[in-house]
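Dear colleague,

Please find the structure below, handed over for your reading. My notes on what was found in it follow.

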Protein chains: 2
Amino acid sequence: MKPSARAFDINRRLFLSTAALLPMPALLRATSALAKDAGSQLASWNDGPAKQAIIDFARTTTDRSSPTFVPPQERIAVFDQDGTLWVEHPMYTFVTYCFERVPVLVKAKPGLKDVEPFKTVLSGNREEMAKLTTPELEKILAATLTGMTVEEFKVETTKWLETARHPRWNRPYTELVYQPMLEVLRFLRANDYKTYIVTGAGQDFARMGSEKVYGIPPEQVVGTASATKYEYDKDGRPTLLKEPKLMLFDDFAGKAEGIHLMIGRRPYAAFGNSTGDQQMLEYTHAGDGARLMMLVLHDDAQREYAYGPAQDLADTKVGTFTQALYDEAKKDGWTVVSMKNDWKRIFAFEQ
Amino acid sequence: MKPSARAFDINRRLFLSTAALLPMPALLRATSALAKDAGSQLASWNDGPAKQAIIDFARTTTDRSSPTFVPPQERIAVFDQDGTLWVEHPMYTFVTYCFERVPVLVKAKPGLKDVEPFKTVLSGNREEMAKLTTPELEKILAATLTGMTVEEFKVETTKWLETARHPRWNRPYTELVYQPMLEVLRFLRANDYKTYIVTGAGQDFARMGSEKVYGIPPEQVVGTASATKYEYDKDGRPTLLKEPKLMLFDDFAGKAEGIHLMIGRRPYAAFGNSTGDQQMLEYTHAGDGARLMMLVLHDDAQREYAYGPAQDLADTKVGTFTQALYDEAKKDGWTVVSMKNDWKRIFAFEQ
């Protein structure tokens with residue numbers, strides 16, 4: 001199914017910094033050690049401009065003798081999740097979760113089974129589901145993501161992530177993460193970058209498993225966030241109830257705004273794959289010194305999917321990586337990563 | 001001056017975790033080394049139950065053989081700022097900044113000089129200023145904290161923090177931080193705790209200097225936050241404009257809600273000094289295992305101030321540390337820190 005763009009603009013959207021202290025010959029050795037080391041750390045990347053841009057960025061921002069050296073505490077790198085760190089087709093994982101929660105919801109509230117849009121979701125008719133309007137989709141998100149405590153939500157999503165399977169690979173969604181991007185995350189962290197997920201998906205959902213899957217702790221996950229309400233349960237124990245009240249819409253301009261709210265610093269590196277990431281990349285790019293902006297292009301129908309500009313750059317409806325975004329990337333020197341050409345393998349399970 | 005309670009409930013309110021890996025006799029040595037080491041790390045604390053509670057908490061949550069051991073990545077400690085980490089009298093520093101910005105604001109918009117509440121603030125008449133209503137105070141906050149880019153705000157506040165002086169000590173506000181609390185921050189970090197400020201004050205304001213003063217980076221400061229708006233300036237450069245639209249009211253229940261939004265984990269330790277911190281302490285306390293809840297009692301009129309329960313526990317108007325809060329602390333085993341008795345010195349400049 002292809003949910004409407006509007007609605008799913010919820011659904012898309014070491015190096016040796018001490019080297020400078022070493023005498024010059026040692027520095028030269030250290031630098032080439034970085035290059036060699038980076039090569040093995042980025043083992044799933046083919047040699048080429050994308051891999052080189054990552055290595056160059058790390059070198060120029062961590063070498064104390066570099067004019068674009070960045071102090072370790074300021075090293076922030078942000079990553080979109082859907083389509084950048086893991087598979088987003090045929091539907092954002094986050095939205096899949098909401099759809100798959102509907103039967104559970106209807107069990108608790110049987111009256112809903114004859115009420116739209118729940119009725120359509122229960123029918124399992126994908127063609128009909130694809131026709132759901134934005135307000136209908138929002139109703140499903142609100143009904144499945146709010147009304148429970150944050151602890152209850154954690155239990156539900158953790159269980160779902162362990163049991164749900166992607167229809168194409170029949171594997172848990174958490175295995176459908178891009179191995180080359182896991183290597184970038186680790187490589188940047190080895191260079192003292194703090195790595196953040198900045199996603200249009202629900203923040204509480206995206207936080208589940210982020211530590212295990214990406215090595216990114218929950219406090220470094222920025223997402224679309226609804227309010228919570230502090231309450232006392234019947235035993236007088238404080239709880240936080242998830243409420244259907246939007247606090248942060250973390251997509252498009254909201255990603256730059258969310259970064260300011262949650263991090264308070266401008267990132268030095270930003271990775272995305274769609275128009276929902278455009279402002280985050282622009283905001284990163286507008287900073288001084290060396291910055292790294294990367295867009296993942298889905299052009300590998302065989303190993304993953306091909307959509308967006310890989311099909312037809314002029315057709316803005318096939319994907320959210322539009323011609324305008326592609327042009328902006330080329331004009332501003334952002335790096336476009338070809339999954340087909342830049343990545344030796346897509347998933348860790350492809351040995 | 002004493003602003004109304006409502007408004008200023010904006011104004012108020014190592015160890016060796018590897019020890020377990022050592023053979024037993026070495027562990028015993030390491031444990032007593034902790035106690036000795038903690039003593040020197042908490043040098044401004046007198047021996048007593050408060051100091052002991054901090055040391056015991058660190059030991060029991062970092063000793064791998066302890067039933068209440070906490071994995072390093074889950075070690076979160078939250079600190080209120082005003083009255084807990086630095087002086088909050090005669091007025092919250094954050095509000096003082098807003099008042100002192102009014103002349104600058106009026107210079108840019110001369111029409112405001114005859115308009116209330118700006119006229120009263122310009123008069124400098126403290127008695128009249130003390131009578132400003134909550135909506136009038138909110139007008140001043142909105143006018144002085146929004147309408148500029150986040151970069152402009154950073155420049156303004158950084159300059160102010162360097163030049164403004166506290167009326168009593170004639171020192172920068174950033175020197176009026178409590179030395180014993182700086183030691184607690186460092187001690188907990190040495191025990192792999194991530195330390196956060198969770199303040200009712202403006203988040204962007206509280207982030208200024210947090211790294212230099214407390215060793216707490218901006219991304220670990222949670223505060224009352226207004227929205228920003230992503231825009232392009234006349235040169236097409238992206239900027240974030242601070243808007244007069246409240247996103248997160250980070251006080252009272254909002255502190256627990258803000259912690260979930262910004263951190264996503266329940267803290268293991270929480271420090272406060274007023275009713276605005278009550279829910280944050282309750283939320284911390286409600287977690288499993290060992291938790292540390294502390295309230296700073298201002299009972300030292302000579303070296304700092306005495307207010308709240310130190311004057312009259314039954315009078316809820318003199319301070320925001322109410323009788324009810326005091327009773328809850330005693331009932332639930334939270335530690336009340338007496339500035340007079342528990343702290344050898346208050347400020348670093350008192351050698």
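A:E211 forms a salt bridge with B:R265, and the closest N and O atoms are 3.1 Å apart. A salt bridge here is a side-chain nitrogen of Lys or Arg within 4 Å of a carboxyl oxygen of Asp or Glu. The rule finds eight salt bridges across the interface of chain A and chain B. A network of salt bridges links A:K194, A:R265, B:E211 and B:E219.

Please note that this is a predicted model, in which local features need pLDDT of at least 70 and side-chain atom pairs count only at pLDDT 80 or more, while totals for chains, interfaces and linings use all residues. Residues are numbered from 1 along each chain as its sequence is written, chains are lettered from A and ligands numbered from 1 in the order in which they are written, and side-chain values use heavy atoms, with hydrogens and water left out.

The interface as a whole

The contact (heavy atoms within 4.5 Å) takes 40 residues from chain A and 40 residues from chain B. Together the two chains bury about 3300 Å², 51% of it on carbon and sulfur atoms; buried area is the accessible area (1.4 Å probe) that two parts lose on being put together, summed over both. A:E219, A:Y230 and A:L261 supply 20% of the area that chain A buries against chain B, more than any other three residues.

Of the interface residues of chain A, 100% are also interface residues in chain B, so the copies meet through the same surface. A rotation of 180° with 0.0 Å of shift along its axis superposes chain A on chain B, with an RMSD of 0.0 Å (by least squares on the C-alpha atoms of residues with pLDDT of at least 70 in both). That is the relation of a two-fold axis.

Salt bridges within a chain

Over all chains, the count comes to 38 salt bridges. One of them joins the side chains of A:R75 and A:D192 (3.9 Å, N to O). A:R75 is buried, with a relative accessible area of 1%, whereas A:D192 is partly exposed, at 37%. Buried means under 20% relative accessible area, exposed over 50%, and partly exposed in between (1.4 Å probe, protein chains only).

In chain B, the side chains of B:R101 and B:E156 meet in a salt bridge at 3.2 Å, N to O, and both residues are buried. Another salt bridge pairs B:D332 with B:K331 (3.3 Å, N to O); B:D332 is partly exposed, at 22%, and B:K331 is exposed, at 69%.

With kind regards
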